[in-house]
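Here is a brief report on one model.

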Amino acid sequence: MRPFRYERPTDAQSAVALLSEHRGATALAGGTNLVDLMKLGVATPDVVVDVSGLPLDAVDPLDGGGLRIGTNVRNADLAAHPLVRSDYPVLARALLSGASPQLRNLATTGGNLLQRTRCVYFQDVTTPCNKREPGTGCSAIGGYTRYHAVFGHSVDCIATHPSDMAVALAALEATVVVLGVDGERRIPATEFHRLPGGEPHRDTVLERDELIVAVELPPPVPGAVSTYRKVRDRASFAFAIVSVAAHLTIDDGVVTDARIACGGVAHKPWRARRAEEVITGRAATTAAFAEAADAELAIAASVDGNEFKPALLRRTMIAVLRDLTAQAGERGAAGATGEDPR
Ligand code: SF4
């Protein structure tokens with residue numbers, strides 16, 4: 001590991017000032033990804049700004065509903081938070097499907113959003129990789145692509161974003177709050193991560209000297225149901241081959257609102273807007289869900305080695321939407337008998 005300077009600021013403004021002053025600075029929170037990348041020689045910061053001690057580790061209800069989640073809230077604590085479990089089950093499920101209990105105890109909300117791709121070539125400094133070293137090429141094209149993209153990729157990079165949490169946040173229409181030298185700005189979670197285009201080294205729209213300070217969730221939608229399903233090679237401690245986060249409102253058997261996001265298939269959480277459009281206003285039937293999945297997959301483009309992914313995503317999306325329809329039906333039945341519909 002290369003030598004680096006270590007700083008431990010006590011407030012967020014000082015952390016931002018350090019990031020701004022030093023071009024080669026990077027923020028460290030739980031360290032569950034950054035430290036690995038430093039050991040591998042993939043990340044070589046000159047200055048490490050340890051933000052894990054900043055007092056940004058609370059989950060607070062927002063005026064008017066919703067939650068503000070401090071950037072340093074640990075993944076395990078967030079998944080176990082009573083309001084997250086009751087009002088945002090898609091988020092709790094996504095968090096619990098990620099990594100291992102040990103890692104979730106350490107990984108933070110902000111760090112989870114900023115984790116890097118697990119493309120094997122990105123992590124191997126002996127191979128060309130445009131994300132790690134712009135202009136060197138993409139070893140994954142024509143290589144091992146099981147975990148790679150089928151939506152939105154470019155000739156320069158076909159990597160996927162590995163976060164489960166970020167997929168749920170995209171479906172929930174959360175907001176990422178960041179602090180820079182000029183103050184705070186708010187970024188919709190769906191626009192926080194970017195597609196690779198010709199600049200795959202840029203994972204997000206976060207500027208070099210900005211710090212994530214919080215994630216905000218909108219108020220829960222009355223009557224809505226949500227869940228997250230992840231398909232992976234083993235039951236735990238594995239990244240998604242594909243995943244689906246969905247948040248549906250079904251009224252009298254008709255889908256009145258649909259938000260669907262997919263993981264493991266793009267450089268960012270992939271919001272399935274075409275599928276959403278197809279099912280909104282339609283009866284919640286398997287036929288409609290299949291049509292919706294097909295509409296989204298019409299723009300999928302697999303690469304050599306991951307041709308199985310569109311069909312797998314199709315089945316997963318339909319299964320999730322059917323599960324949620326059943327859940328909405330049970331809630332309706334429980335509500336009619338006066339039981340707590342949760
Ligand atoms: Fe690098 Fe992206 Fe290609 Fe992987 S897919 S080798 S991260 S450029």
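Where does the ligand sit? The ligand is in the largest cavity. A cavity is a set of points on a 1 Å grid over the protein atoms alone, where a 1.4 Å probe fits but cannot get out. Sitting there means that more than half of the molecule's atoms lie within 2 Å of the grid points.

## Basis

This is a predicted model: local features need pLDDT of at least 70, side-chain atom pairs count only at pLDDT 80 or more, and totals for chains, interfaces and linings use all residues. Residues are numbered from 1 along each chain as its sequence is written, and side-chain values use heavy atoms, without hydrogens or water.

## Ligand shell

The ligand is surrounded by 14 residues (a heavy atom within 4 Å). The closest are Cys119, Cys129, Cys138, Cys157 and Ile158.

## Aromatic pair

The structure has one aromatic pair (ring centres within 6.5 Å, the six-membered ring for Trp; stacked means planes under 30 degrees apart). Phenylalanine 151 and tryptophan 270 are stacked, at 4.7 Å centre to centre and 5° between the planes. Phenylalanine 151 lies in the loop between α7 (109-114) and α8 (165-172) and tryptophan 270 in strand β12 (residues 270-271), so the pair ties together parts 119 residues apart in sequence. Helices (H or I, at least four residues) and strands (E, at least two) are DSSP runs, numbered from the N terminus.

## Positive phi

Most residues other than glycine have a negative phi. Alanine 99 has a positive phi near 55°. Alanine 99 lies in the loop between α5 (89-97) and α6 (101-106).

Definitions and conventions: 1 Å grid on protein atoms, 1.4 Å probe; cavity = no way out; pocket = protein on both sides within 12 Å on 5 of 7 lines; lining within 4 Å. Phe/Tyr/Trp six-rings, centres within 6.5 Å; stacked < 30°, edge-to-face > 60°.
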